[in-house]
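Visitor: Please give me a close look at a single part of this model. Start with one residue, then show me the open spaces.

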2 protein chains.
Amino acid sequence: MVEVIDGKQVAASVIETVKSANAALEAAKGVRTGLAVIIVGDDPASHTYVSSKSRMAKECGFKSVQHTLPVETSQEELAALVAALNADPSIHGILVQLPLPRHLDSEAIIQSILPEKDVDGLSVVNAGKLATGDLKTGLVSCTPAGAMVFVRRTHGDDLSGLNATVIGRSNLFGKPMAQLLLNANATVTIAHSRTKDLAGICRNADILVAAVGRPEMVKADWVKPGATVIDVGINRIAAPERGEGKTRLVGDVAFAEVSPVAAVITPVPGGVGPMTIAMLMANTVIAAHRSAGLTPPVFQ
Amino acid sequence: MVEVIDGKQVAASVIETVKSANAALEAAKGVRTGLAVIIVGDDPASHTYVSSKSRMAKECGFKSVQHTLPVETSQEELAALVAALNADPSIHGILVQLPLPRHLDSEAIIQSILPEKDVDGLSVVNAGKLATGDLKTGLVSCTPAGAMVFVRRTHGDDLSGLNATVIGRSNLFGKPMAQLLLNANATVTIAHSRTKDLAGICRNADILVAAVGRPEMVKADWVKPGATVIDVGINRIAAPERGEGKTRLVGDVAFAEVSPVAAVITPVPGGVGPMTIAMLMANTVIAAHRSAGLTPPVFQ
C-alpha cells in the first residue's frame with residue numbers, strides 16, 4: 001500500500017516548530033524574528049503569494065514587514081530599500097518577490113541581499129555554501145529544503161547506499177536538491193532533457209525526484225518498485241471532464257499509475273507545494289537564531 | 001586500440017595558448033598577466049610546488065611574484081598581504097599554497113582573496129558560480145578544469161546523451177567535476193564511499209572519472225566497453241619488483257586491465273597531473289583578460 005505524503009500536514013508541523021523556536025528565541029534573547037517582503041508592481045499572482053507569506057510570518061509570531069512599491073520604482077530606489085533592510089538588525093530575512101518588472105535587474109538586486117538574510121537561498125554565496133556542503137552557515141532554497149524534509153521523514157538523515165535521481169537541473173530546484181541528497185550520502189544522478197534512456201535511469205532510483213514541468217511525464221514503468229517518488233511539478237492541464245474550459249493541476253508524475261508501484265509518493269497539489277512557504281519561515285527563524293548567536297532548530 | 005591521453009602534451013598545448021593570449025593582451029592593452037604566489041613556512045614539498053608554479057608563470061611571460069613568509073607569520077600579517085595583493089591592479093591571480101602552518105586559519109585566508117583573483121577556484125563565490133552554471137564570470141578549480149579539457153578533446157563541447165560518473169565527492173575535485181560535466185549536458189552520477197554496487201554504477205558510464213585515492217580500485221569489469229576513463233588518483237604504492245623499499249605511482253584505475261576495455265584512458269603519472277599547473281596559468285590569463293575588459297581565450 002503506497003503512502004501518500006500529506007504536504008499540508010508536514011508543512012503544519014514545520015510551522016509549529018518555527019513558532020516554538022521563535023517564541024523560545026524571544027524568551028531567551030528578547031529578539032523577535034523579522035521578515036521583510038518586497039513586492040514591486042501590480043501582478044495579481046505575485047500579490048497573492050506575498051500576502052500569504054506576510055500572513056504566515058505573522059502567524060508564526062514574526063515581525064512581518066511588507067514593502068509594496070509602485071511598478072515605476074527605479075533600480076536605485078529598490079537597491080536603497082534592500083540596503084536599508086540589510087542594515088536593519090530587526091530584519092533577519094529579506095525576500096524580493098520575483099519576477100520584478102522588466103526594467104529592473106533582478107539578479108543585481110538578489111545578489112545585493114546579505115547572504116545571511118537571503119532566506120530564499122538565491123545568492124551565489126548560499127549556492128556556493130550548499131555546493132561545498134556548508135549547511136551550518138548557508139541558507140538553502142525553500143522548495144528543495146522542503147522536499148528534503150519528506151526524504152528525511154521517510155529514510156532518516158543518512159541516505160548511504162540509496163540511489164537518488166533528480167530529473168531537472170534548474171538552479172532553483174534540481175541542482176540544490178541533488179546537492180542536498182549528496183550531502184546526506186545518497187548516490188546521486190542528475191538527469192534532464194538531454195538524458196538518453198531517461199526511463200531506464202529513473203528505474204534505478206530508490207528516491208526519484210521529478211522537477212521538469214512536463215505533465216505526468218514519469219510513468220509507472222519508470223519507477224523502481226518500492227521507490228520514494230517526490231513530485232515537484234505543478235502543471236495546469238485541460239480537464240474537459242469537469243466541464244468546458246475547466247482545468248486541473250497535475251504533477252510531473254502520472255500519479256494514478258505510479259502509486260501502485262511506489263512505496264511513498266507526494267501528490268500534486270498538496271505535496272511539495274505547501275512546504276515552500278513553510279521552509280521560508282524555517283529559513284527566517286534559522287537566520288534569526290544565527291544572528292543572535294544561538295543554534296537554530298532542525299526541521300525533520 | 002585504446003587511446004592513452006598524453007597529459008604532458010595537452011598541458012603543453014594549453015601553455016602555448018596561455019603564452020599567446022598573454023602576448024596578445026600585452027600588445028592590445030599594455031597589460032602583463034600577474035600571478036602572486038604566497039608560501040608560509042618550510043615544507044619542502046610545498047616549496048617544490050611553488051617553485052614550479054612561479055617558474056611556469058615566468059615561462060608564460062607573466063609577471064610572477066613569489067612571497068615567501070616565515071613559519072611564524074601571524075594571521076594578521078598574512079591577511080594584510082592578501083589585502084595588498086587584492087588591491088594591486090598588476091596582480092590578476094593570487095595563490096596561497098596549502099597547507100598553511102597549523103596556527104593559521106586557512107579558510108579565512110582563502111575566502112579573503114577577491115573571487116576574481118582566486119585562480120585556484122576555492123572561494124565560496126566561485127563555488128556558487130560554478131554550481132549555478134556561471135562559467136563566464138567564475139573561476140574553476142584547476143584539476144577538474146584540466147580533466148574537462150580531456151573530455152572536450154574526446155567528446156566535444158556538448159555531452160548530450162552521454163552518462164558521466166564521478167567517483168568521489170570532494171569539494172576540490174568531485175563536486176566541481178560533476179558540475180562541469182552537467183553544465184556540458186552530460187547525465188551525471190556522483191558516486192562515493194557510501195555507494196552500493198559501485199561497479200554496476202560505473203559500468204553505466206560513457207565517461208568515468210575516478211578521484212578517490214584508492215590504488216587501482218577501478219577494475220576492468222567496472223568499465224563500459226568503449227568508455228572514456230579519467231584517472232585523477234595519485235597513489236604511491238610499494239614496488240618490490242623495482243628493488244627493496246622502492247615505490248611507484250598508480251592511479252585509482254587498474255590501468256593494465258582497464259586499457260583493453262576503454263576507448264580512451266589517462267595514465268598515472270602523466271595524465272591529469274600535468275594539467276593542474278597548466279590550468280592555473282589558464283585561470284590567471286583568463287582573470288587578466290576579464291580585468292582588462294577583454295574576452296578570455298577558450299581552452300580546448
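Guide: In this predicted model, the side chain of Thr189(A) makes a polar contact with the side chain of Thr189(B), at 2.6 Å. A polar contact is a pair of N or O atoms within 3.5 Å; within protein, one must be able to donate a hydrogen and the other to accept it, and residues adjacent in sequence count only if both atoms are side-chain atoms. Thr189(A) sits in strand β6 of chain A, residues 187–191. Strands (E, at least two residues) and helices (H or I, at least four) are DSSP runs, numbered from the N terminus. Who surrounds Thr189(A)? Leaving aside neighbours within four places in sequence, Thr189(A) is in contact with Ala164(A), Thr165(A), Val166(A) and Ile201(A) in chain A. From chain B come Thr187(B), Val188(B) and Thr189(B). Contact means heavy atoms within 4.5 Å.

Now the pockets. The largest pocket holds about 1,100 Å³ of space. A pocket is an open set of points on a 1 Å grid over the protein atoms alone, where a 1.4 Å probe fits, with protein on both sides within 12 Å along at least five of seven lines; lining residues have an atom within 4 Å of a point. Its lining has 35 residues. Tyr49(B), Lys53(B), Thr143(B), Gly273(B) and Thr276(B) lie nearest its centre. Of the lining residues, 21 are nonpolar, 10 polar and 4 charged. The largest share comes from α10(B), with 6 residues. Helix α2 (44–59) and strand β4 (93–96) of chain B are among the elements that supply at least two each. Domain 1 (28–116) and domain 2 (142–274) of chain B both give residues to this lining, so the largest pocket lies between them.

The second largest pocket has a volume of about 980 Å³. Of its 34 lining residues, Tyr49(A), Lys53(A), Thr143(A), Gly273(A) and Thr276(A) are closest to its centre. Helix α10(A) gives the most to this lining, 5 residues. The lining divides into 20 nonpolar, 11 polar and 3 charged residues. Domain 1 (29–115) and domain 2 (142–274) of chain A both contribute, so the second largest pocket lies between them.

Residues count from 1 along each chain as written, and chains are lettered from A in written order. Local features need pLDDT of at least 70 and side-chain atom pairs 80 or more, while totals for linings use all residues; side-chain values use heavy atoms, without hydrogens or water.

Note on methods:
Points joined across faces, edges and corners; volume = space filled by probe spheres on them. Nonpolar A, V, L, I, M, F, W, Y, C, P; charged D, E, K, R; others polar. Domains from an automatic or database assignment.
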